[in-house]
Amino acid sequence: MAAALELDRVTKSYGAMRAVDDVSLSIAPGERVALIGASGSGKSTLIRIASGLALADRGVGPAAVRSFGVPVQAGGRLAGEVRRARRHIGLVFQQFALVGRLSVMTNVLVGVLGRIGRLRGTLGLFNADERRTALAALAEVGIAVHAGKKARQLSGGQQQRVAIARALVQGAKLVLADEPIASLDPKSAKRVMDTLVTMSRDHGIALVVSLHQVDYATAYFDRVIAMNAGRVVFDGPASRITASFLTELYGASAEELILPSQFQPSATPAATERAGLVSAS
Amino acid sequence: MLASQTADPAAAHRSAAATLPAPPVTPIATRLVRLVIAALVVAVLVFCWHEAEMNPLLLWRDAGNMATLGAEFLRPDFTDWQVYAQNMVETLAIAVWGTALAVIAGIPFGILCAENVAPRWIAFPVRRLMDACRAINELVFALIFISAVGLGPFAGVLALFVHTTGVIAKLFSEAVEAIDPAPVEGIRGTGGSSLQEVIYGVVPQVLPLWISYALYRFESNVRSATVLGIVGGGGIGMTFNETIRGFNYPQASAILIIVILTVSALDVVSQSIRKRFI
């Protein structure tokens, strides 16, 4: 079976800065992978490239992205079949990317747009079966009672679970989550991570989650890919990720990634803030 | 410490002032430029005075006429009020359909004008087309459509439709350009088509603003529709034109009062509706 996600020598520059620098990787179907790195290390850009929301540089390597054998982009151009590829790629964003004024139900039903008739989807004529599927997905992530509310009336954690339900309704075989818990309080963050991993396990969905909290990466994932300055600097079992190894990989900027329990106490306000975060979760 | 402060505050102030740089002086060049600009403004005003044949003395010389006119206007004649009311309804009808057609056309044009949705090679020509619709006044369009479909309210509707489409497309596209792109990417990520991205991602975000803009344009179109009749575009303006030309000032006065009352009432209602959407 083709890989859930395959990147072949992808580079992406913003001006002179290489956000993603010659990255190749492969994710197996059903596999769960944490993508870690400090802010600006290229995690978000990599996820945007994998989903075809951003284009790789032209003329730098093959720059090919495939998902379950379907090309997403190659050589810096979107593939003609990108819409077919996107149907089985579910996306979860840091800022949820829901349409706040639409109901939770409609936000989830949007997931079927890729596989139902163009006209029916455009007119919003979802049938009873699709509505049942949407409600079942909302029940699975534990927010079926809010189906009739407007999405923006929900808390951040609830909105993120709506986005996960949307990926479920979509029938995604690969879910790419870009910093899904970075805007959430610790309790909601844990709930969202639990939901993501349960979804992946129950439905055999491959899962790639970018994180900057290493404690979540090691607690929820077996495989960790670490990025620094646009490059993959580590790709291996989560058990190898230790404080000393991170310091080796990242030098001084490791402080942003390492949990305070492993790291020597620091007086920076950011570290204190993270200490609170970790103890609460 | 305290003693030294109270000892001679003035001296301390002087020494501080001594270390300050000199106050800024406007350079002579800048002053000259200002002078030239002022002279240019005066020159333009003088030139336009002659071009516009301004002659305030006429107001004074013909004060008698003004007085008669004023006196006649002060006793409005509502004998034919039913005719005026009927004409006012026609005026409103012109505004309603002129705005409705403009909104229907303005939605696709507005989206095609928005650079964050439409590619540049589409947005640019569509924008220029809308600029042209906007640049030409409703009255001019009315004259054009009168020669096409004849005198009457339909010509007025078409005139308002074309001009307002230009305005609405601009307002609508500005609303679209200010949206949050994230929800649109969320829709794109599910494999939806470009049209579906617009319907599910863009429209829900801009709808309140669009409704508000459409109502605002309806208010202005009611005002414009009262004028359209003067060139033959139907509605109350036509009747007003006839009475004024027949020197029936008391009747003209009655018509004006009806227009003012209707327009003010509509403004109040429309504004209160608009406030709910923003």
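## A bent helix in chain B

Helix H9 of chain B bends by about 30° at B:Thr164. The model is predicted. H9(B) covers residues 153-177, which makes 25 residues. From its first C-alpha to its last it reaches 35 Å. That is close to the 36 Å expected at 1.5 Å a residue.

Is H9(B) mostly covered or mostly open? H9(B) is mostly covered. Of its 25 residues, 18 are buried.

## Chain A in outline

Chain A has 281 residues, and 46% of them are buried. Its secondary structure comes to 10 helices and 11 strands. Consider the contacts in chain A between residues at least 6 apart in sequence: 64% of these join residues at least 24 apart.

## The six-strand sheet

One open sheet of chain A has six strands, in the order E7-E8-E9-E3-E10-E11. The pairing is mixed. Strands E7 and E11 (231-237) stand at the edges. Each has a single partner strand, so one side of each is left without a neighbour in the sheet. On average, neighbouring strands are turned by 15° against each other, direction ignored.

Within this sheet, E8 (residues 174-178) and E9 (residues 206-211) of chain A run parallel. Five bridges join them. In one pairing, A:Leu176 has A:Val208 of E9(A) as its bridge partner. Helix H7 of chain A, residues 186-203, packs on the sheet. H7 touches strands E3 (32-36), E8 and E9 of chain A. The direction of H7 makes about 160° with that of E9(A).

## The five-strand sheet

Chain A also has an open sheet of five strands, ordered E2-E1-E4-E5-E6. Here the pairing is antiparallel. Which strands are at the edges? They are E2 (17-27) and E6 (77-78) of chain A, and each pairs on one side only.

Strand E1 of chain A, residues 5-14, runs antiparallel to E2(A). Seven bridges join E1(A) and E2(A). The bridge partner of A:Leu5 is A:Ile27, in E2(A).

## Where the chains meet

How many residues does each chain give to the contact? Chain A gives 23 residues and chain B gives 18 residues.

The chain A side that touches chain B divides by residue type. It has 10 nonpolar residues, seven polar and six charged.

Notes
Residues numbered from 1 in each chain as written. Chains lettered and ligands numbered in written order. Predicted model: local features only at pLDDT ≥ 70, side-chain atom pairs only at ≥ 80, totals over all residues. Contact = placed C-beta atoms within 7 Å. Nonpolar A, V, L, I, M, F, W, Y, C, P; charged D, E, K, R; others polar. Helix = DSSP H or I, 4+ residues; strand = E, 2+ residues; numbered from the N terminus. Expected span 1.5 Å × (residues − 1). Bend = angle between axes of the 7 residues up to and from the residue. Buried ≥ 20, exposed ≤ 12 C-beta atoms within 10 Å, placed from the backbone. Pairing = 2+ DSSP bridges. Axes fitted to C-alpha atoms, helices over the stretch in contact; angles between N-to-C directions.
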